[in-house]
Amino acid sequence: MSQLRFKYLSTLVFTLCGLLLQGYVMWAYYGAVVGALRAIGRNIDNSSRGDLTHSVDIIGRNELAHMGDRLETLNASLSTMVATECAQ
């Protein structure tokens, strides 16, 4: 009986540790994705109001970081175009 109880408890502990680890990984991934999307959304909001000076600070090499870089390039190009047109 003691051996069976030990197997049951060890299985339960390992299962709970696995679930906690999985929850932590999912929470961290969710936070990274939502944070990046919010940063891109803020930059789009600022750009739509005519403020092209804000930058998107997304750390990483994934698709969202690439999208943030492209958005910064877009803002820089638009800013240069507006400055050139206003100077003429």
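The model is predicted, so local features need pLDDT of at least 70 and side-chain atom pairs count only at pLDDT 80 or more, while totals for chains, interfaces and linings use all residues. Residues are numbered from 1 along each chain as its sequence is written, and side-chain values use heavy atoms, with hydrogens and water left out.

**Exercise 1. Find how helix 1 and helix 2 are arranged, and which residues meet.**

Step 1. Helices here are DSSP runs (H or I, at least four residues), numbered from the N terminus.

Step 2. Take the axes, which are lines fitted to C-alpha atoms over the stretch in contact, with angles from 0 to 180 degrees between N-to-C directions. For helix 1 and helix 2 they come within 10 Å and cross at roughly 15°. That makes the two helices roughly parallel, a label for angles under 35 degrees.

Step 3. List the contacts (heavy atoms within 4.5 Å). V33, A36, L37, I40, N43, I44 and S47 of helix 1 meet L64, M67, G68, L71 and N75 of helix 2.

**Exercise 2. Identify the residues of the largest nonpolar core and the elements that supply them.**

Step 1. Such a core is a set of buried Ala, Val, Leu, Ile, Met, Phe, Trp, Tyr and Cys residues joined through side-chain atoms within 4.5 Å. Buried means under 20% relative accessible area and exposed over 50%, with partly exposed in between (1.4 Å probe, protein chains only).

Step 2. Eight residues qualify for the largest one: A36, A39, I40, V56, I58, L64, A65 and L71. Helix 1 (2-48) and helix 2 (63-87) are the elements giving two or more residues to this core.

Step 3. Look at L64: leaving out residues up to four places away in sequence, L64 touches V33, A36, L37, I40 and I58.

**Exercise 3. Work out whether N43 and N75 are buried or exposed, and how their side chains pair.**

Step 1. N43 lies in helix 1 and N75 in helix 2.

Step 2. N43 counts as buried because its relative accessibility is 2%. N75 counts as buried too, at 3%.

Step 3. The side chains of N43 and N75 make a polar contact at 2.7 Å. The term covers a pair of N or O atoms within 3.5 Å; within protein, one must be able to donate a hydrogen and the other to accept it, and residues adjacent in sequence count only if both atoms are side-chain atoms.

Step 4. Not counting residues up to four places away in sequence, N75 also touches S47, L52 and H54.

Conventions. Parallel < 35°, antiparallel > 145°, perpendicular 65-115°, else oblique.
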